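Thanks for coming, everyone. Let me put the model up and walk you through it.

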Amino acid sequence: MANENTPKVGALGTLTNGFVKENPVLRLVLGTCPTLAVSTSMVSAIGMGIATIMVLILSNTIISLFKRIIPSKVRIPAYIVVISSMVTVVSMLVKAFVPVIYEALGVYLPLITVNCIILGRAESFASKNSVILSALDGLGMGIGFLAALFSISFLREFVGSGTLLNNFTSLVPFLGENALGGFNGLDVASFFAQNTNLEPVKLLILPAGGFLIYGFIMALVNRMNHKKGKPSVTMGCEGCNACEKEAK
Amino acid sequence: MKTYIALLVMGILTSNFVLARFLGICPFLGVSRKQDTAVGMGLAVTGVMTLAAAIAHPFNVLLGKIGLEYLQTTVFILIIASLVQILEIIIKRFIKSLYSAFGIFLPLITTNCAVLGIVIINAQSGYNFPQSVVSSLGAGLGFLLAIFMFSVVRSKINEAHVPPSFRGMPITLVAASIVSLSFMGFTGIAQGLGLA
């Protein structure tokens, strides 16, 4: 990854690196499972994004703090233990404060543990950089992940169910019922039904639609890459190692 | 008996791990370029999933008894990581031919979310020991079926003319979408057979 080649990028560069340049979902093809699974609705996508940001910041910070103590031979198991503990902490927080999101994310919340983005950042960034930079990197990568999830879920929910931010209050139950002026998502489908004969395309909220939208968005990223003379998107699971080893 | 058949049918067809539950996407996309490696990965995942579920079940019961359910995720991932390590050492030492066939896939399985996923799903669904093992076997076979079918589809893509922007990952995802759509045909089969 670029971090190893470019020694000093500064705090701001570290933070913004994950937004577009090394966007974990669209550029590095990491964290595909949660991306596809929770992007059927924007509210659960935002919940997943925020939970992942919290885990990324916490795990990056702790791993960076202990980087001199952890022996390099057992570093991957050590990272996994740190990450899974942080996931446990975050999922308890989610269960306590946003129970509806806890139900909606289901098994994918504990599965943040094996999200390649987190182990990948621990291995390629937090184990080599200072605590503050690592925390910033976690925040930046997490925001990149949230932004990608947000755009994919926007398309899937808008076209697939004809709503936007449906059931939004379940994301902020601690603010009370009417904190946002009673805003609980937009019902675009009924507007279209009254004025046109358009109906939601159910396919997009089905699993098949997830793969389809992800493929099309990645093709768009490829097109932008090609225009700038950059290569196509390939899978690069650094630290996760779950792919790209078949040739050996 | 009916429950076990239902669990198998669910795992393999109706709620296929890869195509309906989005677990194990990384190896599904990364190791499906050739059919023989796809089958190797599929078999290795099936074996590890079934073993992991069998080992994790008593630990889960123990955690429940002493009131430490919240440590599930950490305990499960440690079980999976050590299981994979031990399996690799045993197979390397005693069954050389098996190691040369599946050895390279084993280290990749630790961070495969399908394995942790099935163990957590078993625990959350409150399955007993045989149910956990059968549901994991079904999920593993479902993964094997999906990755094998997909590797065949991908060998066809290689011969097709693909627009430059879609080359590589995007067309692979679009193909996965169509394979996933074909699995939608199985929806309701469990109810239809009176199993679920």
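Start with a helix pair in chain A. The crossing of α4(A) and α8(A) is right-handed. Right-handed here means that the near helix is turned clockwise from the far one by less than a right angle, left-handed that it is turned anticlockwise. The two helices, α4(A) and α8(A), the latter spanning residues 131–160, pack at about 165° with axes 8 Å apart. The axes are lines fitted to C-alpha atoms, for helices over the stretch in contact, and angles between N-to-C directions run from 0 to 180 degrees. So α4(A) is roughly antiparallel to α8(A). That label needs an angle over 145 degrees; under 35 is roughly parallel, 65 to 115 roughly perpendicular, and the rest oblique. The contact residues divide into 19 nonpolar, 9 polar and 2 charged. In this scheme, Ala, Val, Leu, Ile, Met, Phe, Trp, Tyr, Cys and Pro are nonpolar, Asp, Glu, Lys and Arg are charged, and the others, Gly among them, are polar.

Now the ground rules. This is a predicted model: local features need pLDDT of at least 70, side-chain atom pairs count only at pLDDT 80 or more, and totals for chains, interfaces and linings use all residues. Residues are numbered from 1 along each chain as its sequence is written, while chains are lettered from A and ligands numbered from 1 in the order in which they are written.

How confident is the predictor in chain A? The average pLDDT, a per-residue confidence from 0 to 100, is 83, and 88% of residues score at least 70. Confidence is highest in α4(A), at a mean of 94, and lowest in α1(A), residues 2–5, at 45. Residues 1–7 fall below 50, with 6 contacts beyond near neighbours in sequence. Residues 237–248 are also below 50, yet that stretch has 45 such contacts in the model. Where pLDDT is low, the predicted coordinates should not be read in detail.

Next, the layout. Chain A has 10 helices and 2 strands. Both are DSSP runs numbered from the N terminus: helices are H or I of at least four residues, strands E of at least two. The order from the N terminus is α-α-α-α-α-α-α-α-β-β-α-α. Of its 248 residues, 47% are buried. Buried means 20 or more other C-beta atoms within 10 Å of a residue's own, exposed means 12 or fewer, and partly exposed is in between, with C-beta atoms placed from the backbone.

One residue to look at: Ile63(A), in α4(A), residues 42–65. Is Ile63(A) buried or exposed? Ile63(A) has 27 C-beta neighbours inside 10 Å, so it counts as buried. Leaving out residues up to four places away in sequence, Ile63(A) touches Tyr79(A), Val82(A), Ala122(A), Ala126(A) and Ser127(A). Contact means C-beta atoms, placed from the backbone, within 7 Å. Ser127(A) is 64 residues away along the chain, but its C-alpha is 6.4 Å from that of Ile63(A).

On to the interface. Here 45 residues of chain A contact 43 of chain B. On chain A's side, α3 (32–38), α5 (75–97), α7 (116–126) and α10 (207–227) each supply at least two residues. The largest share, 11 residues, comes from α10(A). That side of chain A divides into 29 nonpolar, 11 polar and 5 charged.

Last, a pair in chain B. Helices α7(B), residues 113–125, and α8(B), residues 129–157, have axes that come within 10 Å and cross at roughly 150°. Therefore α7(B) and α8(B) are roughly antiparallel.

Note on methods: Contact = placed C-beta atoms within 7 Å.
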